[in-house]
Amino acid sequence: MCYWPYNPPRFLQNGVTMTVYTGLWAGRNWEKTTKYSEPPYQEQIFIGGQGVPIFGWVAIPKSARGTIVGTYGITGDLENQWLLRLLGRKAYAQGYAVVLFDWRGHGKTAQLSPTLTSDGLYEGEDFLCIAAAAKAMGCPGKFWFTGYSLGGQLALWGVKAVQDLGKGQGAKSNGNFQCSMPDDQFTTLGLEADDIGGAAVICPSLDSRRSLAYLVKHPFGRYIEKAIARQLKKLAWRIHDAHPGSIDPAAIERANSIWGFDEELVIERLGFSSPEAYYDASSALPLLPNLQKPTLIIYAEDDPLFDPVIVPDLQAACANNPMMDLLLTRYGGHVGYISSKECQQQAKDPDVWWAWNRVLQWIEEIPL
């Protein structure tokens, strides 16, 4: 694959500046940056792994050429995650069916179930189950899993779930993929291995233990960590209120950090002895050398939320896997990737959203 290099406007050639600018400015003005309108979404409740109900939006254009399945990062919901909705507009305009969903513990999915997050360990199976249900609704293959930040990690676990089921872990002898249900039986999904195209992710979380340790050591990182922790606490209270008795209110009160949220509310339910063990198990970096579907990772060296020592490990993880395409850029911040006018002209992009434009370009160029 050959791409024009990424370059931001000069005043955004700093990871912190790009990240803050994207969050504060772009979130208020994103609709002015695109000529595409909102797809005609229909609400849908999917059944994910372990029978967990997942709330989503589905839009299918006439003669759809494939399907994008995506979700967002560590906090938020479909209504306020404008960056994901921007992808939906762009993908639908290019002829793709679009499936966006609130992942476990978030948005309307949290209203449907008290099941908390697992950072990919079970959300990967959710991606697969959603693709199967979307196919039954008329969404065509190939299906492409996508997300950004922690949502990118979930999408990478989605590819891992395809491989696991294809090897017979949850699959019947006919080769069709299955989705585990509450009674531990399996229901045929009617999804073939070739229906899944692969994944394309932006600034995915890859090593939670190292990045969280890095985040709390720096002034900007500590500010971001506290802001995320406050949102996670609100998320827990919403689940508590929607599902009385599902979460101990005293535990929510004690969860005053990301680490504390996982220690108090997550790890025991998942069978882990510590947050560190949970982070090691759910991190996506070890998955990369063995992914067997085409996978694009767009990653910025100046991302202020992740430990920069991960970058050489990311390069090494992708180096010997022909299925991996790594677009490693000097600038970009955390997910922002707002491009300069010169960059837009060189790449022939319709707008400033360089990373999403590369995702869609990459999907277009993958041989069917």
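Buried means under 20% relative accessible area, exposed over 50%, and partly exposed in between. Arg210 has a relative accessible area of 25%, so Arg210 is partly exposed. Asp207 stands at 13% and therefore counts as buried. Their side chains meet in a salt bridge, 2.8 Å from N to O.

## Confidence

This is a predicted model. Its average pLDDT is 93, and 93% of the residues score at least 70. Residues 170–178 fall below 50; beyond near neighbours in sequence, this stretch has 29 contacts in the model. Residues 181–187 are also below 50. That stretch has 16 contacts beyond near neighbours in sequence.

## Salt bridges across the chain

The count of salt bridges comes to 14. One of them pairs Glu31 with Arg89, the closest N and O atoms being 2.8 Å apart. This pair links distant parts of the chain. Glu31 sits in the loop between H1 and strand E1 (42–47), Arg89 in helix H2 (residues 82–93), and 58 residues separate them. Glu31 is partly exposed at 45% relative accessible area. Arg89, at 8%, is buried. Salt bridges that share partners join Glu31, Glu38, Arg85 and Arg89 into one network.

Helix H2 also supplies Lys90, whose partner Asp351 lies in the loop between helix H12 (341–347) and helix H13 (354–365), so the pair ties together parts 261 residues apart in sequence. The closest N and O atoms of Lys90 and Asp351 are 2.7 Å apart. Lys90 is buried, with a relative accessible area of 1%. Asp351 is buried too, at 4%.

Helix H11 spans residues 310–319. Its buried residues are Ile310, Val311, Leu314, Ala317 and Cys318. They cover an arc of only 125 degrees around the axis, which puts them on the same side of H11.

Cover for the buried residues of H11 includes helix H6 (208–215), strand E9 (295–300) and strand E10 (324–329). The face turned away from the buried side carries the exposed residues Ala316 and Ala319.

## A nonpolar patch

Val16, Val20 and Leu24 make a nonpolar surface patch of about 210 Å². Leu24 lies in helix H1 (residues 15–29). Leu24 is exposed, because its relative accessible area is 52%.

Notes: Residues numbered from 1 in each chain as written. Predicted model: local features only at pLDDT ≥ 70, side-chain atom pairs only at ≥ 80, totals over all residues. Heavy atoms only, no water. pLDDT = per-residue confidence, 0-100. Contact = heavy atoms within 4.5 Å. Buried < 20%, exposed > 50% of the residue type's maximum accessible area, 1.4 Å probe, protein only. Helix = DSSP H or I, 4+ residues; strand = E, 2+ residues; numbered from the N terminus. Arc of directions from axis to C-beta. Patch = residues over 30% accessible without salt bridge, like charges linked within 9 Å, V, L, I, M, F, W, Y side chains within 5 Å. Areas by Shrake-Rupley, 256 points an atom, 1.4 Å probe, with all protein chains shown as cover. Salt bridge = Lys/Arg side-chain N within 4 Å of Asp/Glu carboxyl O.
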